[in-house]
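Have a look at the model first, then read on.

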Amino acid sequence: MAHIPDLVASPARKIDFKILVLFGSFAFCILFFLELFAGTKGLSFADSFRTFFAQISGENTAASARIILLKVRLPRAFAAILCGSALSVSGLILQLSLNNSLAGPGIIGVNGGAGLFVLLFSLFFPYVALVRSLAAFFGAILAVLTVYFI
């Protein structure tokens with residue numbers, strides 16, 4: 001089990017932590033709705049807001065606004081949430097497995113390993129573009145394993 005620092009576990013810091021969680025949740029909700037209402041298509045904030053809540057209440061709205069909001073912007077917002085969550089959990093796992101709170105992909109060489117493998121595969125297989133992402137993945141895994149076992 002990971003050691004909880006005394007700084008976080010002290011009673012005075014628990015109040016600050018609750019306020020931080022409350023503020024973070026509020027900011028998350030605001031940014032989520034701003035993500036839904038922001039885009040290159042000329043939908044006004046009022047049209048986006050009306051379309052979003054009309055979909056919940058069952059009212060009929062313009063088809064183009066509904067498609068843009070529900071087929072483009074809402075999946076984009078959920079994808080951003082999923083990617084951010086996955087990145088934070090992977091960073092936590094990396095720090096806990098290496099027992100180093102400063103460990104990050106740039107510090108331990110994951111980025112460099114991925115870049116090296118992409119470069120090597122691009123040199124040997126210049127016309128196969130699909131291999132580059134796999135090469136980056138295997139280079140990153142090899143870099144993590146090298147750091148872990150050294």
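This is a predicted model: local features need pLDDT of at least 70, side-chain atom pairs count only at pLDDT 80 or more; totals for chains, interfaces and linings use all residues.

A residue is called buried under 20% relative accessible area, exposed over 50%, and partly exposed in between (1.4 Å probe, protein chains only). Residues are numbered from 1 along each chain as its sequence is written, and side-chain values use heavy atoms, with hydrogens and water left out.

**Charged side chains**

- There is one salt bridge in the structure, the term meaning a side-chain nitrogen of Lys or Arg within 4 Å of a carboxyl oxygen of Asp or Glu.
- Glu-35 and Arg-76 make a salt bridge, with their closest N and O atoms 2.7 Å apart.
- That pair ties together distant parts of the chain, 41 residues apart: Glu-35 sits in helix α2 (residues 11–37) and Arg-76 in helix α4. Helices here are DSSP runs (H or I, at least four residues), numbered from the N terminus.
- Glu-35 is partly exposed, at 27% relative accessible area.
- Arg-73 belongs to helix α4 (residues 63–98).
- Arg-73 is buried but has no salt bridge; Glu-35 is its nearest side chain of opposite charge, 7.7 Å away. For charge, Lys and Arg count as positive and Asp and Glu as negative, with His and the chain ends not counted.
- Leaving aside residues up to four places away in sequence, Arg-73 touches several residues, including Leu-36, Phe-37, Lys-41 and Ile-68; contact means heavy atoms within 4.5 Å.

**Aromatic rings**

- A search of the whole structure turns up six aromatic pairs. Rings of Phe, Tyr and Trp (its six-membered ring) pair if their centres lie within 6.5 Å; planes under 30 degrees apart are stacked, over 60 edge-to-face, and the rest tilted.
- Phe-32 and Phe-33 are edge-to-face because their planes stand at 75 degrees, with ring centres 5.7 Å apart.
- Phe-32 is buried at 15% relative accessible area, whereas Phe-33 is partly exposed at 29%.
- Phe-137 and Phe-138 are also an edge-to-face pair, 5.5 Å centre to centre with 65 degrees between the planes.
- Phe-137 is partly exposed, at 49% relative accessibility.
- Phe-28, Phe-32, Phe-33 and Phe-78 are linked by ring pairs into a cluster.

**Cysteines**

- The whole-structure search finds zero disulfides, a disulfide being a pair of cysteine sulfur atoms within 2.5 Å.
- Cys-29 is partly exposed at 40% relative accessibility, and Cys-83 is partly exposed at 48% relative accessible area.

Notes
Helices (H or I, at least four residues) and strands (E, at least two) are DSSP runs, numbered from the N terminus.
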